[in-house]
Amino acid sequence: MEQSTVLKRGAASAAILVVVAAGWKVVSFFRALLREVYERKQVSRLEDVISLEQLDILARASNVNLRRSAEQLLLERVMRNTGSLRQLLRWCLCGDEEEVMKAATVLCVLVKSVDLRNHPWERPFLWTLGQMLVNSFNQTRAYTKQAKDRTITDQIRKLTTCALFEIVCDSSPKKEILCRDFPEIVSCILELALSTSCKEASRYGLFLTHQMAIHDVLRDQLVEAGGIKKVAQTLIQNQGDPMLQRLSLQIVVLFAAILDIDSKVTLRTVAKEKTITPIVVCLKSDDTECVYWAVVLVHEFAINDVCKDEICEVYGLLRSLAQCLAASESSQQRLVLRVICFLGLKNDGFKSEVLHCTDLITRLPVCYASGDGDVVHWSLVLTHDLAMAGRCATQKLLECCPQIFPGLISVTGHEDRAVRRLLAETIGFFCCDEHNLLKIVDSGVLKTVLQYAVSGDVELVFWAGAMLLNLAMTSDDIKLEILKAGGLSVIMELAIGEHDNPQISPMAAKALAMLGFTDKPLVVSTACDSDNARVKINEKIYHLNKPGLNILIWNTLTSDSASQLHYQVKNVWDFKDLNIKLPSKPADEGNLVIVVIRGKHAQAYLKALKDLMLFSEISAGNKQGRFELQGDEMCVIISTLLASGLVSVSHMAKDTTINMDFEFPYNDVVNHRVAEIVVVPVIKVLFSTPPESPISKVTVRHYHWCLPLCD
């Protein structure tokens with residue numbers, strides 16, 4: 001009982017302490033707040049005590065911080081004095097031009113030094129500045145007393161436009177209010193932008209013009225006031241000043257984008273002011289934004305077919321475009337590529353210059369690898385248009401940039417269908433030049449061609465068939481490369497398949513016929529010893545290292561391994577259960593079968609194959625001991641698979657170490673596969689159906705395509 005009483009007293013004491021601590025914090029907070037308010041009032045009183053004369057002295061002090069504080073204090077005092085501000089605005093519109101200049105100076109300082117956003121005096125300041133600028137262009141009516149010094153007018157204009165720019169910059173409502181209250185101010189600003197008497201006034205005039213041009217509502221007023229012609233003149237006037245040229249270029253581009261006005265009319269108006277050369281020269285500027293807007297404007301001229309010849313005649317154009325292409329981002333690269341493509345339309349002379357611009361051509365493979373789809377597309381369009389010029393063009397492209405074809409191959413799997421079609425056509429143009437075909441094939445083009453041949457896209461299949469025909473009609477080296485790449489299977493499918501384009505099957509049939517005339521052999525190389533066994537076919541190596549019976553079935557259509565079989569038993573009596581079977585489908589007939597027997601029980605494996613092998617008169621050799629192996633001998637058998645599942649042996653070698661090369665006539669291999677898969681089935685169907693049958697008509701068409709193969 002006593003213990004619980006003690007605990008209750010302790011809890012009560014703790015609660016009292018917490019309440020006292022919280023109360024103390026609240027009291028401390030209010031004390032600090034009252035102290036801060038008191039100090040602010042004291043500072044405010046101290047500031048008010050300082051006289052204007054003292055502020056004038058402090059504003060001229062040598063200490064920078066003291067001087068700035070005095071100036072800020074003076075400005076804040078002025079902005080709090082409503083009477084002074086009213087007097088200042090009346091002073092700005094008095095009839096004495098010299099006094100107006102003084103008032104304009106004070107007003108400009110206030111506008112630049114004080115944040116006027118949502119300030120009560122913002123609108124009066126804006127109206128007064130607009131009236132002052134209009135008055136400066138009508139001095140005889142606005143001023144009762146004009147200054148003798150003509151530079152005072154320029155000073156008023158400079159100060160006024162500077163202050164106006166500070167107020168209306170990036171504020172659409174204020175710009176609309178200014179132009180609504182003073183409709184004539186647009187003409188004044190344009191005239192001021194062309195002024196040569198005061199550079200600063202001209203600069204701010206162009207700034208204001210730019211602010212109006214980026215606002216859709218006011219852009220039409222600029223055009224009505226002759227803004228297109230005057231801005232074009234500023235482009236010439238401000239040569240050497242990248243910032244002002246950048247603004248002029250951007251304004252012209254905005255004018256060309258007005259929907260209600262024909263872009264061609266706008267661009268012709270700009271070109272009449274002899275601006276073509278200055279625009280192209282801007283491509284060499286060190287200012288990246290100036291370069292960008294110059295590219296955009298040249299692009300507008302090119303796509304609208306305005307002054308293209310004049311642009312092409314400017315000296316150094318292609319070199320400048322090549323530099324822009326190399327030093328810019330994707331947004332600018334796509335524009336540069338489009339400019340070159342459009343300038344080259346129906347202009348063979350310009351295309352010839354492009355072909356001789358090494359800096360430009362060597363940049364194309366980089367564009368092919370871009371992550372921007374538009375850059376890839378237009379770089380392919382440019383390559384396509386250049387290659388379409390003929391053999392000389394394709395040769396020049398390969399001479400200037402040997403990496404152009406590996407770059408093209410890298411675009412093979414692009415997701416954009418239009419890009420793939422462009423690539424197919426471009427490769428087709430290159431394949432028309434037989435002098436470069438071997439170089440093109442070495443770059444890996446066959447992989448792309450064969451991939452497009454089975455793509456299902458009619459256009460891609462057509463160009464793939466045309467390229468395969470062109471390649472097949474050249475040297476035996478290229479025919480061999482087609483066969484190594486598995487082209488026989490693809491071309492056979494094209495020859496017997498149904499296509500929307502009737503030209504595909506005849507081209508494929510002709511290509512098959514040409515492949516049947518190759519003099520190159522199909523070489524099978526073997527290298528076997530006690531540790532390893534390697535078979536090399538068409539530069540591809542297959543390892544058959546496992547002990548026992550190894551069978552490699554090599555598909556002569558796809559030029560690749562169809563399957564690898566391995567048999568191994570631990571004891572001699574297990575051979576009775578060894579069931580060796582080879583694929584016996586009709587499509588497998590004609591494939592190569594390479595058998596390698598090594599290790600323990602080698603002779604037993606060889607005898608197990610006895611019933612599967614057929615020997616011709618050439619391969620029969622010595623029948624005595626044909627299935628006998630001595631000691632550690634191994635055996636390699638090279639044969640051809642028959643439809644029955646048996647193999648026709650072409651060569652058999654037995655030794656402790658075997659290194660040999662065996663050659664099949666590739667033309668026999670091709671003709672045999674084509675005859676068994678294409679020609680014979682077509683003839684059988686043809687003679688097994690009535691002439692009036694629909695299937696007979698289709699078969700006759702196939703037979704007509706396959707006539708060259710029958711020969």
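**Helices, strands and confidence in a predicted chain**

Strands here are DSSP runs of E with at least two residues, helices are runs of H or I with at least four, and both are numbered from the N terminus. Two strands count as paired if DSSP finds at least two bridges between them. The model is a predicted one, in which local features need pLDDT of at least 70, side-chain atom pairs count only at pLDDT 80 or more, and totals for chains, interfaces and linings use all residues. Residues are numbered from 1 along each chain as its sequence is written, and side-chain values use heavy atoms, leaving out hydrogens and water.

Back to that pair and its surroundings. Strand 1 (residues 521–528) and strand 2 (residues 533–537) run antiparallel and are joined by 5 bridges. They belong to an open sheet of 4 strands in the order 3-2-1-10, paired in the antiparallel sense. Strand 3 (540–543) and strand 10 (658–665) sit at the edges, each pairing on one side only. From one strand to the next, the twist averages 15 degrees.

Strand 4 (residues 548–555) has neighbours on the strand level too. With strand 6 (residues 592–598) it pairs antiparallel over 7 bridges, and N550 stands opposite V596 of strand 6. Strand 5 (residues 560–567) also runs antiparallel to strand 4, again with 7 bridges, and here L552 faces Q564 in strand 5. Is strand 4 enclosed or open? Of its 8 residues, 8 are buried, so strand 4 is largely enclosed by the rest of the structure. Buried means under 20% relative accessible area, exposed means over 50%, and partly exposed lies in between (1.4 Å probe, protein chains only).

Zooming out, the protein chain holds 37 helices and 10 strands. Buried residues make up 49% of its 711 residues. Of the contacts (heavy atoms within 4.5 Å) with a separation of 6 or more, 68% are between residues 24 or more positions apart.

Among the helices, helix 19 (residues 317–327) packs against helix 20 (residues 330–343) at an angle of about 150 degrees, their axes 9 Å apart. Axes are lines fitted to C-alpha atoms, for helices over the stretch in contact, with angles from 0 to 180 degrees between N-to-C directions. Helix 19 and helix 20 are therefore roughly antiparallel to each other; angles over 145 degrees get that label, while those under 35 count as roughly parallel, 65 to 115 as roughly perpendicular and the rest as oblique. On the helix 19 side, the contact includes L317, L321, C324 and L325, and on the helix 20 side it includes V336, L337 and I340.

T161 lies in helix 8 (residues 151–168) and counts as buried because its relative accessible area is 0%. Leaving aside residues up to four places away in sequence, T161 touches L133, L192, A201, Y204 and L208. E184, in the loop between helix 9 (172–181) and helix 10 (185–193), is partly exposed at 39% relative accessibility. E184 and A225 are 41 residues apart in sequence, and their C-alpha atoms are 9.1 Å apart. K447, in helix 29 (residues 445–453), is exposed, with a relative accessible area of 66%. From K447 to I482 is 35 residues in sequence and 9.5 Å in space, C-alpha to C-alpha. I482 is one of the buried residues of helix 31 (residues 476–484), and that helix is followed by G486, whose phi is positive, near 85 degrees.

How confident is the predictor? The chain has a mean pLDDT of 83, and 83% of its residues reach 70 or more; pLDDT is the predictor's confidence in each residue, from 0 to 100. Confidence is highest in helix 17 (residues 288–303), at a mean of 94, and lowest in helix 37 (residues 694–710), at 48. Over residues 40–48 pLDDT stays under 50, and the model has 4 contacts there beyond four places in sequence. Residues 697–711 also stay under 50, with 32 such contacts. Where pLDDT is low, the predicted coordinates should not be read in detail.
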